[in-house]
Amino acid sequence: MHGDGAHLGDPFKVDGAWYRGNLHMHSTASDGAWPVERAVGWYRERGYHFIALTDHRVVTDTARFRTPEFVTLAGIEMDGFDPALDSRYYLLGVGMRRMQASSTEWSREEAGQRVRDDGGVVIVPHPYWIGWNARHLAGMAGFVGLEVFNSVCERTQAKGDAGAIWDDYLDNHGLTWGLAADDAHWKYQEEGRGWVMVRAPELAPDRLLHALRQGHFYASQGPAIVDVRISPDTVDVACSPVRRISVLAARMRGRTYWAQDGSALTGIAHARLGAEKYLRVEVEDTQGRRAWTNPQRV
Amino acid sequence: MTAGGHPGDPFGIPGRWYKGNLHTHSTNSDGAKSPADAVAWYQDQGYDFLALTDHRVLTDTSGFRRADFLTIPGMELHGPDPTTGENYHIVGLGITSFERSNDAWLREEAIARVNGDGGIAFMGHPYWLGQTAAHLQGLTGFVGLEVFNSVCDVHRAKGFSNETWDAYLLEQGLTWGLATDDSHWKYAEEGRGWVMVRASDLSVVGVLAALRKGHFYSTMGPAFEDVRFDGSQVIVRCAPVRRISVMAARAKGANARAPAGGALTELVHPLKGVERYVRIEIEDHQGRVAWTNPRAL
């Protein structure tokens with residue numbers, strides 16, 4: 001369920017500021033190793049602007065940690081049996097107003113509907129780790145995006161990167177956004193390795209949720225993406241110094257640009273190949289850390 | 001104990017390791033080097049064998065063979081794939097009875113023709129093609145897919161097809177994973193992905209038989225020394241790397257990481273009996289990956 005406003009998937013045309021946040025984390029209220037204060041405090045102390053604490057099956061109250069510079073959103077990680085998958089589904093809900101807990105009796109459709117009806121957004125977590133492919137997701141309506149990177153799944157299973165699943169969905173099923181998240185459990189040094197940079201007019205829950213629906217954000221492990229402009233003929237990218245800038249499109253209709261020996265790339269002007277269906281940009285710095293823009297229909 | 005000769009398990013088999021690239025182009029199709037220069041490059045780099053796989057045409061490379069360097073006849077076949085709407089890209093090795101492929105052949109016929117010659121077929125660069133496990137459903141007769149294709153990585157950031165491979169292993173069945181250069185000699189893609197085949201001698205028949213049985217591993221650099229299944233655990237020994245990953249169905253695997261500043265050369269991982277399949281990935285400090293073939297459990 002995406003917004004239908006201006007600049008879908010394009011935060012670079014939105015007036016406002018960048019806000020850094022992590023939308024997937026746990027505490028001792030479920031299977032995280034740190035209590036709520038320490039978990040939330042870790043992000044606040046590191047200059048994150050917002051978080052959602054998404055404990056399993058329960059919404060943990062984080063209102064007391066809010067400051068003018070730090071927003072907490074209500075969050076939950078729901079799960080239950082998914083017949084289409086013949087296994088367990090997981091869905092994140094963020095920004096609900098009243099929900100306190102989820103039930104494993106809920107189908108994935110009901111779980112998603114309850115979050116949306118309560119003012120929240122639904123995110124598909126770690127699809128590679130779950131064994132979800134694009135077809136499994138195609139039958140499910142109303143999620144704003146999927147985790148293209150999940151830090152704890154990378155750390156514990158080498159299944160954190162879901163770029164190919166995302167591209168399959170974009171190629172064959174429709175538009176959806178890509179998020180990076182820590183899924184912090186405070187056990188595997190997964191914290192601080194993936195976040196979203198949201199573009200919004202101000203740091204407020206409703207503004208952040210609107211931006212998540214509209215795709216007004218990019219995902220990152222480190223690099224900053226400064227600007228992406230898509231014209232009928234070109235894709236112009238500006239970013240922090242990186243070793244690779246890739247324009248991703250359906251199938252073989254994108255292209256990668258590499259920094260030349262000893263230098264770094266901070267931008268490209270890519271001549272479009274046409275028939276791309278969608279365009280998204282990935283960059284990778286010299287430490288192997290990446291960032292992903294959201295796709296735009298072309 | 002390793003059951004020598006188990007499908008997908010080259011470790012513990014008598015013989016030696018042979019290094020080869022199985023996906024290569026020349027000026028006979030859209031590559032920038034002549035066949036002689038392409039072959040010479042791999043000879044100079046110490047490869048043991050090479051398949052030139054020009055698009056739709058068999059290139060005679062028998063004149064480049066030496067006692068210590070084998071060439072395998074090959075071709076990249078194309079035709080309509082109704083499941084993706086794109087042309088398929090199937091690499092055929094060991095072809096003897098036809099010099100050109102026919103773009104009217106469907107995937108099934110292309111594979112059958114290659115197999116009819118005693119050859120093997122594998123799927124080129126599925127991620128780059130937009131080919132998923134679903135698109136391969138029901139298709140038989142191919143030995144594997146390219147888990148790594150260098151030119152698709154270098155040029156399109158779509159070289160790694162591990163997500164497709166794991167989906168196939170989860171949903172469809174066993175198939176092997178190959179790393180290749182797909183050299184076109186235009187993007188510095190050469191020498192970045194190859195297979196290490198375990199065979200008793202360096203012959204076309206021997207290499208193709210090993211590829212068919214999964215008696216090889218794929219790598220961008222790091223070497224496996226041994227991967228042993230003893231029923232209750234898997235034991236991995238390898239060159240120094242920064243991670244050793246046990247890849248299994250869904251979240252049934254594990255990932256061991258080297259401590260800061262250190263390296264791993266061994267992993268002993270207990271099996272729980274729920275993995276369905278296990279394959280091993282290792283990654284060195286330069287980000288170069290190697291992949292064993294999956295074992296059904």
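## Close-up views of a predicted model

View 1. Chain B holds 6 helices and 17 strands. Of its 297 residues, 53% are buried. Along the principal axes, the C-alpha atoms of chain B fill a box of roughly 50 × 40 × 35 Å.

**View 2. Helix α5 of chain B.** This helix covers residues 162–171 of chain B. Of its 10 residues, 8 are buried, so the helix is largely enclosed by the rest of the structure. The cut-off for a buried residue is 20 or more other C-beta atoms within 10 Å of its own. Asn162(B), Glu163(B), Thr164(B) and Trp165(B) are among the buried residues of α5(B). Asp166(B), Ala167(B), Tyr168(B) and Leu169(B) are buried there too. After α5(B) comes Gly173(B). The phi of Gly173(B) is positive, near 150°.

**View 3. The two domains of chain A.** Domain 1 of chain A spans 11–219, and domain 2 spans 225–297. Their centres, taken over C-alpha atoms, are 25 Å apart. Where they touch, 12 residues of domain 1 are in contact with 14 residues of domain 2. On the domain 1 side, the elements giving two or more residues are α6 (163–172), β8 (177–181) and β10 (217–220) of chain A. By class, this side of domain 1 has 8 nonpolar, 2 polar and 2 charged residues.

**View 4. Chain A against chain B.** Here, 27 residues of chain A are in contact with 28 residues of chain B. The largest share, 4 residues, comes from α6(A). By class, the chain A side divides into 11 nonpolar, 9 polar and 7 charged residues.

**View 5. Helix α6 of chain A at two contacts.** Helix α6 (163–172) of chain A gives two or more residues to the side of domain 1 that touches domain 2. Helix α6(A) also gives 4 residues to the side of chain A that touches chain B.

Methods
Residues are numbered from 1 along each chain as its sequence is written. Chains are lettered from A and ligands numbered from 1 in the order in which they are written. This is a predicted model: local features need pLDDT of at least 70, side-chain atom pairs count only at pLDDT 80 or more; totals for chains, interfaces and linings use all residues. Domain bounds come from an automatic or database domain assignment. Two residues are in contact if their C-beta atoms, placed from the backbone, lie within 7 Å. Ala, Val, Leu, Ile, Met, Phe, Trp, Tyr, Cys and Pro count as nonpolar, Asp, Glu, Lys and Arg as charged, and the others, Gly among them, as polar. A residue is buried if 20 or more other C-beta atoms lie within 10 Å of its own, exposed if 12 or fewer, and partly exposed in between; C-beta atoms are placed from the backbone.
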